[in-house]
Amino acid sequence: MDILVVGTGYVGTTTALVLAEMGWNVTGLDSDQNKLNLLLQGRIPFYEEGLEDLLEKHLQSDKINFTSITDQAIKHNDVIFICVGTPSRSDGNADLQYVKQVAMDIGRYMNSYKLIVIKSTVPVGTQEMVEQWIRSAQSHVSPFDVASNPEFLREGKALSDALYPDRIIIGTDSDRAAELLKELYQTMQCPVVVTAPKTAELIKYAANAFLVTKISYINELSRLCDKLGVNVKEVAHGIGLDPRIGSSFLRAGIGYGGSCFPKDVSALLRLANDQDTPLTLLKQAVSVNQTQYLHLLEKARTRIGAFNGKKISILGLAFKPNTDDIREAPAIRIIQKLLSERALIRVHDPIAKLPQELIHESVTSFSSPEQALEGADAVFLCTEWKTYLSIDWVHIKQIMNQANLFDGRNLLDAKVMDTMGYYYQGVGYP
């Protein structure tokens, strides 16, 4: 099979490279020529460990190429993966304009049987709409199938997740499509679940919603731990040993962010409301996440007073380590709040950059954490980058104005920091 991947963003690029690694001939299609030029030079337009090495490998092996010529790409490939963005609209629904455009292009240019695979995260019922859009654009009838095949990639671990998935979900009513996708994934050693398209679409949303609920549960519990003088890390360890609960996503902090969880949960909540079946538990989980960072700010305010004129260091901008994604990152919320209270902010992140809207005379970025911490009255650790574990915190205490450390990811050892003379506060710590 010759495979076309439409969209060379995070999901599309990772999908294309892994399909090439599996031995298929892959073409990446995108209208952004600047992005394509980067990829053809062996450079990834975002940060994800391991992808550039794989890109270089398969550019040399000719297993992958990139193009902006839509009609030829559609005509010359048997399987077409749709991996375009589905951002949130103002009403919370997913915006399907890019998916629709791809579907219309497929209908317009297809010249033989095609298997269209929706990899983008889409609302329940999108597979049916894609079928209708393709048919409406056809000038002559060509057979095709549309299947749902949601991705379950974690930013920072996308390559590993794509190479070694824990499950493959195939949503289709077509035996031909199911068999083709099973053949496509034949080298994968994991369960393959074939189900109805709507079920596959809902599985993606339901999985992310459950993880969001688990994160917000432990974060809300951390607030009670603060009041009771109980260590939330010990509570999480104790309950996580129960196999019915599990230890993953039970790490208290200042909340989740990124491109997937907020967007997908918003779309699911909107779908539920449209069906007059509100998901009240999930709605509360979102509310917890939106307010979680404020509790760490309040701890700092109690310690150092008003932020006006204080030098505040921010360690970490990305919503999680090993990615440059700052979308919905708690660090951005903290900076915005500190700016509103006239703090002087000093920022470091090893990969991520400040967004344009936070380029401000009161915000300074530094190339090293030590520079960012110099003269600070307090530091907020917002992303659990490993590099922050190797900081010489004994030396840092000497160059800070006040040794106040507010660890929003419970990365550092509270007892060790206390021994060094820091005033240390984590999330859910006594």
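User: Which strand do the five bridges join S9 to, and which way do the two run?
Analyst: S9 is joined to strand S10 (residues 344-348) by five bridges, and the two run parallel. Strands here are DSSP E runs of at least two residues, helices are H or I runs of at least four, and both are numbered from the N terminus. Two strands pair if DSSP finds at least two bridges between them.

User: Is this a predicted or an experimental model?
Analyst: This is a predicted model, where local features need pLDDT of at least 70, side-chain atom pairs count only at pLDDT 80 or more, and totals for chains, interfaces and linings use all residues. Residues are numbered from 1 along each chain as its sequence is written, and side-chain values use heavy atoms, with hydrogens and water left out.

User: What is the bridge partner of Lys311 in S10?
Analyst: Leu344.

User: What unit do S9, H13 and S10 make?
Analyst: A right-handed β-α-β unit. Right-handed means that, with the strands pointing away from the viewer, the path from the first strand over the helix to the second runs clockwise.

User: How many bridges join S9 to S12?
Analyst: Four, to S12 (residues 378-381), again with parallel strands. Ile312 stands opposite Ala378 there.

User: How many of the residues of S9 are buried?
Analyst: Four of the five in S9 (residues 311-315). Buried means under 20% relative accessible area, exposed over 50%, partly exposed in between (1.4 Å probe, protein chains only).

User: What is Ile312 in contact with, beyond four places in sequence?
Analyst: Its contacts (heavy atoms within 4.5 Å) include Ile304, Phe307, Leu338, Ile345 and Phe380.

User: Which residues touch the most other members of the largest nonpolar core?
Analyst: Ile312, Ile314, Ile335, Leu338, Ile345, Phe380 and Trp393, out of 58 residues. Helix H13 (residues 330-340) gives the most to this core, with six residues. A nonpolar core is a set of buried Ala, Val, Leu, Ile, Met, Phe, Trp, Tyr and Cys residues joined through side-chain atoms within 4.5 Å.

User: Which residues does the second core include?
Analyst: Phe46, Leu51, Leu115 and Leu153 are among its 42 residues, and this core is separate.

User: Switching to H3. Which of its residues are buried?
Analyst: Leu51, Leu54, Leu55, His58 and Leu59, in a helix spanning residues 51-60. They fall within an arc of 130° seen down the axis of H3, so they line one face of the helix. That arc is taken from the directions from the helix axis to the C-beta atoms.

User: What covers them, and which exposed residues does the face turned away carry?
Analyst: The cover includes helix H1 (10-21), helix H2 (33-40), strand S3 (64-67) and helix H7 (158-163). The face turned away carries Asp53 and Gln60. Just after H3, Asp62 takes a positive phi of about 65°.

User: How many salt bridges?
Analyst: The count is 19, each a side-chain nitrogen of Lys or Arg within 4 Å of a carboxyl oxygen of Asp or Glu.

User: What does Glu151 form a salt bridge with?
Analyst: Lys204, with the closest N and O atoms 3.4 Å apart. The pair links distant parts of the chain, 53 residues apart. Glu151 is buried at 6% relative accessible area. Lys204 is buried at 4%.

User: And Glu384, which residue is its partner?
Analyst: Arg409, at 3.6 Å between the closest N and O atoms. Glu384 lies in the loop between S12 and helix H15 (393-399), and Arg409 in the loop between strand S13 (404-407) and helix H16 (414-419), so the pair ties together parts 25 residues apart in sequence.

User: Which residues are linked in a network of salt bridges?
Analyst: Glu298, Arg301, Lys337 and Glu341.
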